[in-house]
Structure formats: C-alpha cells, structure tokens
Amino acid sequence: MTTDIWTIKAALDWTVGYLESKHDANPRLSAEWLMSEATGLSRIELYVNYEKPLSMDERDVLRGYVARRAAGEPLQLISGTAPFRYLTLKVAPGVLIPRPETEVLVSEALAELHLPRIADHVQVGEEGEEVVFAQLPSLHVLDVCTGSGCIACAIASEYPAAKVLALDIADEALTLAQENVDALNLNERVEVRRSDLLQSLNEKEQGMFDLLISNPPYIPTTVLQGLDREVTDFEPRLALDGGEDGLDLVRILLQQAPNALKPQGVLALELFEGHLDKAATLAKAAGFEEVRIANDLTNRPRVLIAHAPEKGF
C-alpha cells in the first residue's frame with residue numbers, strides 16, 4: 001500500500017490478497033470487517049463508496065489492523081466488540097470471545113423454561129414508551145463461568161423480570177463482565193461475583209435458582225492442542241481446557257447444581273460435541289431428569305438440558 005491514493009476498493013483488494021497469503025480462513029470477510037473498523041462504514045456502505053479515497057489516518061489504522069489479523073488475532077479483539085444475540089458486547093484479551101454456539105445455549109435454556117411472552121405483559125406508557133407489567137413472573141438465574149457476561153446480559157436484557165448472578169474465578173473475566181453490565185445498564189438485575197464454580201453461594205441462595213446455565217471449559221486437552229492459533233494463541237486456556245474428556249468441571253457442577261436449583265429447575269450446559277452422550281449419562285446418574293441434547297447451528301451436539309430432581313429424592 002505505497003501509492004499516493006488508495007480507494008476503498010483498492011485497499012480491500014490488497015487486504016484480501018495479503019490475508020489470503022497469510023492463510024486467513026476467510027480473507028474477504030476479514031478484509032471487510034477491518035475496513036469497516038478503520039473507516040466507520042458498515043459493510044454495505046463500503047460497497048457504495050468503493051471509489052472513496054482513504055485518508056492517511058484511515059490507511060494507518062488499517063495497516064495496523066491488517067498486521068494484527070495476519071498474526072492470527074481474532075477480529076473481535078481487534079475491534080474490541082463482539083455481537084451476541086441482540087447485543088454488542090465488549091471483548092478483551094484473556095477472556096473467551098462470545099460465539100454463536102453459546103447463543104444456541106441461551107435459546108435452548110429459555111425455551112426449556114416456558115416463559116410467558118413478553119408482548120403479553122407490555123403496555124404503552126403516557127409518553128409512548130413500552131412498560132413491562134409488574135406481574136411478569138420472576139426468574140432467578142445462575143450463570144457459572146460467565147466470562148464476558150454475554151449469557152447473563154442476554155438473559156437479563158431479553159427477560160425484564162430476570163435476576164442473574166454471574167460467577168467467574170478469573171480477574172479479567174470479572175472486570176469485563178462488569179463493564180458489559182454497566183454499559184448495558186443492567187446493574188439492578190445482574191450481579192457479578194468472584195466464585196470458584198458455586199462455592200460463593202450462601203445458605204439463602206441455595207435452592208433459589210430457576211436456571212443454572214454455563215459455558216464451562218469443555219474442550220478435551222488433546223483436542224485443544226490441535227486447534228488453530230486464533231484460539232490457542234489468543235484465547236485463555238483456563239476458559240477452554242476441560243481436561244482429558246472435557247468434562248472435569250461438568251462432573252463438579254452436576255454434584256453442586258441440585259443444591260442451587262429449585263426442584264425441577266433447569267440445568268443448561270454447552271459442551272464438547274463428541275461427549276454429550278457421556279455428559280447425559282453423568283447427569284442421569286446425578287439424579288437429573290428429563291435429560292436431552294440439543295444441536296448447534298452446524299447440527300453438532302452442543303447443549304445438555306436437564307431438570308433438577310425433586311428435593312428428598
């Protein structure tokens with residue numbers, strides 16, 4: 001990129017070719033994403049401004065972004081944000097980047113709860129704003145290994161009567177989750193707390209949750225070692241490595257969860273595609289009922305859904 005004038009099209013074409021030479025899995029998508037970040041234009045706007053010259057500042061920013069992407073850095077970390085369901089969340093180094101599979105986890109969990117339609121509990125206020133009726137049933141949610149807070153924030157934003165306790169052990173995750181809660185004005189309904197799995201729950205909180213949802217570390221150690229550098233070099237191992245079969249933390253959660261959940265409360269876990277059957281067997285052995293497996297968007301087994309046993313059984 002050394003000529004005096006670079007249009008958006010010329011810069012895009014150069015970026016695509018350069019990233020392709022660096023073995024980017026989708027160089028066109030990466031180039032468009034980086035160009036959008038450098039110019040402030042949407043991907044659609046790029047195409048109607050093909051002949052617009054880049055300013056020197058935009059060229060400098062783009063060069064920096066391209067160098068980072070060529071080194072394998074995820075696009076989300078370069079931009080500092082990631083989409084998740086209906087939200088745009090902050091992301092940061094050292095914290096797992098939200099992924100579409102986890103959106104499926106949230107969908108399956110909410111569907112299993114059979115919540116009422118929000119539209120049936122909304123009226124228009126005096127100034128034209130929508131106001132949720134007070135009688136919307138409450139929902140108490142425990143989000144374990146919250147990471148960026150994507151699950152907690154999504155549930156709280158989509159169901160106004162939800163109260164979410166978001167737990168994590170990593171400082172980077174706790175800081176980022178709180179930043180996302182603050183940015184989305186969800187402080188009154190999402191609490192971020194340090195906890196090693198469920199150890200921080202007090203006596204009052206035992207048995208109070210309608211839903212325990214988690215995207216725990218679940219990639220088997222040997223599988224993790226073979227993933228591409230975009231994951232191994234830029235994602236925190238603590239949030240990925242689930243041990244030999246990916247179920248180390250799941251075994252602990254299956255023992256702890258019945259005490260945290262209400263009778264028949266829902267357990268929803270995102271897990272490694274090859275070990276859902278084993279996880280379902282473990283859940284049944286721990287006393288969980290109505291155990292089922294749901295597939296992700298690529299039709300791979302991804303989510304374990306189960307109900308806590310009635311107390312006393």
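In this predicted model, arginine 302 is found in strand S11. Arginine 302 has a relative accessible area of 6% and is therefore buried, the limit for that class being under 20%. Leaving aside neighbours within four places in sequence, the contacts of arginine 302 include Glu101, Tyr218 and Leu276. Leu269, Glu270, Leu271, Phe272 and Glu273 are also among them, as are Ala294, Asn295 and Asp296.

Strand S11 spans residues 301-307, and six of its seven residues are buried, so the strand is largely enclosed by the rest of the structure. Strand S9, residues 261-270, pairs with S11 in the antiparallel sense over five bridges. Within this pairing, valine 266 has histidine 307 of S11 as its bridge partner. Strand S10, residues 289-295, is likewise antiparallel to S11, and five bridges join the two. Here alanine 294 stands opposite valine 303 of S11. S10 and S11 form a hairpin with five residues between them. In the turn of this hairpin, asparagine 299 has a positive phi of about 70 degrees.

These strands belong to an open sheet of seven strands, ordered S7-S6-S5-S8-S9-S11-S10, in which the pairing is mixed. Strand S7 (190-194) and S10 are the edge strands, each pairing on one side only. From one strand to the next, the twist averages 15 degrees. In general, the strands of a sheet pair through backbone hydrogen bonds, in either a parallel or an antiparallel manner. The parallel sense is found between strand S5, residues 139-144, and strand S6, residues 162-168, which share six bridges. Leucine 142 stands opposite leucine 165 in S6.

Two helices are placed against this sheet. Helix H11, residues 248-260, packs on the sheet and touches S5, strand S8 (209-214) and S9. The direction of H11 makes about 155 degrees with that of S9. Helix H8, residues 171-183, lies across S6 and S7 and runs at about 170 degrees to S7.

A further hairpin is formed by strands S1 and S2, with two residues between the strands. Strand S1 (residues 81-84) and S2 run antiparallel and are joined by four bridges. Proline 83 stands opposite threonine 88 in S2. Arginine 85 takes a positive phi near 55 degrees in this hairpin. In a regular strand, side chains alternate between the two faces of the sheet. Strand S2, residues 87-90, has a covered face with Leu87 and Leu89. The uncovered face of S2 carries Thr88 and Lys90.

Aromatic contacts were examined next. Such a pair of rings is described by the distance of the centres and the angle of the planes. The structure holds two aromatic pairs. One is formed by tryptophan 14 and tyrosine 18, which are stacked, at 5.2 Å centre to centre and with 5 degrees between the planes. Both residues lie in helix H1 (residues 8-21), where tryptophan 14 and tyrosine 18 are four residues apart, about one turn of the helix. Tryptophan 14 has a relative accessible area of 31% and is partly exposed. Tyrosine 18 also counts as partly exposed, at 30% relative accessibility.

The rings of tyrosine 47 and tyrosine 50 make up a tilted pair, because their planes stand at 50 degrees, with the centres 5.2 Å apart; planes under 30 degrees apart would count as stacked and those over 60 as edge-to-face. Tyrosine 47 is partly exposed, with a relative accessible area of 38%. The relative accessible area of tyrosine 50 is 22%, and this residue is partly exposed too. The ring of tyrosine 50 also has a charged neighbour: the charged end of lysine 9 sits over the ring, 6.0 Å from its centre.

Cysteines were considered last. A disulfide is a covalent bond between the sulfur atoms of two cysteines. A search of the whole structure finds zero disulfides. Cysteine 153 is in no disulfide, and the nearest cysteine sulfur, that of cysteine 150, is 8.1 Å away. The cut-off for such a bond is a sulfur pair within 2.5 Å. Cysteine 153 has 0% relative accessibility and so counts as buried.

Note on methods:
Residues are numbered from 1 along each chain as its sequence is written. This is a predicted model: local features need pLDDT of at least 70, side-chain atom pairs count only at pLDDT 80 or more; totals for chains, interfaces and linings use all residues. Side-chain values use heavy atoms; hydrogens and water are left out. Rings of Phe, Tyr and Trp (its six-membered ring) pair if their centres lie within 6.5 Å; planes under 30 degrees apart count as stacked, over 60 as edge-to-face and the rest as tilted. Buried means under 20% relative accessible area, exposed over 50%, partly exposed in between (1.4 Å probe, protein chains only). A charge sits over a ring if NZ of Lys or CZ of Arg is within 6 Å of the ring centre and within 35 degrees of the ring normal. Two strands pair if DSSP finds at least two bridges between them. Axes are lines fitted to C-alpha atoms, for helices over the stretch in contact, and angles run from 0 to 180 degrees between N-to-C directions. Contact means heavy atoms within 4.5 Å.
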